[in-house]
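Please look over the sequence and the model below before reading on. The paragraphs that follow move from the chain as a whole to some of its elements and then to its aromatic rings.

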Amino acid sequence: MVRRRLLGQTSSTSIELPVISSLSELTSQTTHLWVLLCCKAAVANRLLPILMDELRALSLEDESRQAGLVVMQNGLQTHTLANAAYKTVFSGHSRIRLLAASTTEAARREADETGIVHHSATGETTVGLLDHQPVDDGYDPASELSELLTQSGLGARPVDRIEGILWNKLALNAIINPLTALLRCRNGELPALVDYARLAQPIATEVLAAWQHWSARRAALPNSTRENGAGMSIAVPETVDELLARVQDICQRTAPNRSSMLQDVLAGRRTEIDAINGYIVDYCEQYGLPCRTNSELVQTVAALTHSLQTKDQDYG
């Protein structure tokens, strides 16, 4: 058992979490298994092939079993890998579904507080199927998981199309995370720094070009539908200034926070720069879009911890 104490603003809760070596250890308890992949991108990418193999084996053992693998990493690198693996292993398999979740909840662990997790901000979690998978036989896994999360105390809602939400988070993280890491500042301090505008403008220009390109490709796909109602996504900014206005708003709303990338750099840990800005670089290179600034940014942030002992953290 792993013991954790969760500290909120007005209350605390102690919990015990079982440690398992495989998903099969949980199957005696339920015929419907949810696997929430909450670790950081580098760890998640290594776990994906193992989880896919285990889910396939479980589905073959019991034809009534249903399962959902929920990707929750920063950036879109893990989502892309998961999509490719899912299509290979579970093509047309309606009982095993691949979902993604994005959350504005925030938590942190202090280095000197073993076993203590601080719930530092309350937000909303959105859940949706990845890559427009069809909902078969009236079963809506995003709604089911959202209800379970809401019952547990995390406000969650299902969306028909989550990719736009993921791109919005990617775009904001691609600007805020590396710049707070490089400039060693809290989120709220970032927009006021002298170097912010000079550094943020070229990063945002490349990020927005990639996002707009992805959106245009998505709209051109056969059977593409306009998002509306509960499935409404976040509109793609029309200008760099509009994107930077969103960045400033997030910085103000999360002013006391240290970004996860800043915390990783200060602790000498491996950052998620490859999963965030590295994904932007990969996308731009694939489609011939400019990415020089983000490419240099990936190298610069990686160099900050290159000479230090790096370690992966199995939490998001």
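A contact here means heavy atoms within 4.5 Å. Of the contacts in the protein chain with a separation of 6 or more, 73% are accounted for by residues 24 or more positions apart. The model is a predicted one, in which local features need pLDDT of at least 70 and side-chain atom pairs count only at pLDDT 80 or more, while totals for chains, interfaces and linings use all residues. Residues are numbered from 1 along each chain as its sequence is written, and side-chain values use heavy atoms, with hydrogens and water left out.

The protein chain has 9 helices and 9 strands, taken as DSSP runs numbered from the N terminus (H or I over at least four residues for helices, E over at least two for strands). Of its 316 residues, 43% count as buried, that is, under 20% relative accessible area with a 1.4 Å probe and protein chains only, as against over 50% for exposed and in between for partly exposed. The chain exposes about 16,400 Å², of which carbon and sulfur atoms supply 50%; the areas come from the Shrake-Rupley method with a 1.4 Å probe, and for residues only the protein chains shown count as cover.

Strand β3 is largely enclosed by the rest of the structure, because 5 of its 6 residues are buried. It runs parallel to β4, to which 6 bridges join it, two strands being paired if DSSP finds at least two bridges between them. In this pairing His 32 stands opposite Gln 66 in β4.

Just after α3, Gly 153 takes a positive phi of about 110°.

A search of the whole structure finds 5 aromatic pairs, where rings of Phe, Tyr and Trp (its six-membered ring) pair if their centres lie within 6.5 Å, with planes under 30 degrees apart counted as stacked, over 60 as edge-to-face and the rest as tilted. Tyr 86 and Phe 90 form a tilted pair, 5.7 Å centre to centre with 40° between the planes. Tyr 86 is buried, with a relative accessible area of 9%, and Phe 90 counts as buried at 1% relative accessibility. Ring pairs also link Trp 167, Trp 214, Tyr 279, Tyr 283 and Tyr 287 into a cluster.
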